[in-house]
Amino acid sequence: MSMPPRRFLAVADVAEVLGTSPTAVVELLEAGDLVGVRVRGAWRIADDEVQAWIDRELELERRRGLWRQAQSASVADLFGQH
């Protein structure tokens, strides 16, 4: 059983997908927040790694929203008492 080949993107391509700068993408890579490999000194990032990063960020934002919502809720909101 063979796996389909992975598609690798350059930093500029990832920056375009994420709507950010190439510098910000390199910072994510160097911090280990985004997984990539260096090929002849240039970063390459698998497209599925970009999607995984987006999914993690969306989940974090969803959790932050729930936390903010819980912090601003009243006792009645939380326990259904009026």
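The structure is a predicted model, in which local features need pLDDT of at least 70 and side-chain atom pairs count only at pLDDT 80 or more, while totals for chains, interfaces and linings use all residues. Residues are numbered from 1 along each chain as its sequence is written, and side-chain values use heavy atoms, with hydrogens and water left out.

The protein chain contains four helices and three strands, where helices (H or I, at least four residues) and strands (E, at least two) are DSSP runs numbered from the N terminus. Along the sequence these elements follow the pattern β-α-α-β-β-α-α. Of the 82 residues, 16% count as buried, a term that stands for under 20% relative accessible area, with exposed meaning over 50% and partly exposed lying in between (1.4 Å probe, protein chains only). Among contacts (heavy atoms within 4.5 Å) between residues at least 6 apart in sequence, 44% join residues at least 24 apart.

In soluble globular proteins, nonpolar side chains tend to be buried together. A nonpolar core is here a set of buried Ala, Val, Leu, Ile, Met, Phe, Trp, Tyr and Cys residues joined through side-chain atoms within 4.5 Å. The largest such core has twelve residues, among them Leu 9, Val 14, Leu 34, Trp 43, Ile 45 and Val 50. Two or more residues are given to this core by each of helix 1 (11-18), helix 2 (22-31), strand 3 (42-46) and helix 3 (47-72).

When residues up to four places away in sequence are not counted, Ile 45 touches residues including Leu 9, Val 11, Val 14, Leu 29, Leu 34 and Val 50. The C-alpha atoms of Ile 45 and Leu 34, eleven residues apart in sequence, lie 8.2 Å apart in space. Leu 9, with its neighbours within four places likewise left aside, is in contact with Val 14, Trp 43, Arg 44, Ile 45, Asp 47 and Val 50.

Two packed helices are described by the angle between their axes and the distance between the axes. The axes of helix 1 and helix 3 come within 11 Å and cross at roughly 35 degrees, the axes being lines fitted to C-alpha atoms over the stretch in contact, with angles from 0 to 180 degrees between N-to-C directions. In this pairing, Val 14, Val 17 and Leu 18 of helix 1 meet Val 50, Trp 53 and Ile 54 of helix 3.

Two loop residues were also examined. Arg 40, in the loop between strand 2 (37-39) and strand 3, is exposed, with a relative accessible area of 87%, and its phi is near 55 degrees, a positive value in a residue other than glycine. Ser 21, in the loop between helix 1 and helix 2, is partly exposed at a relative accessible area of 31%.
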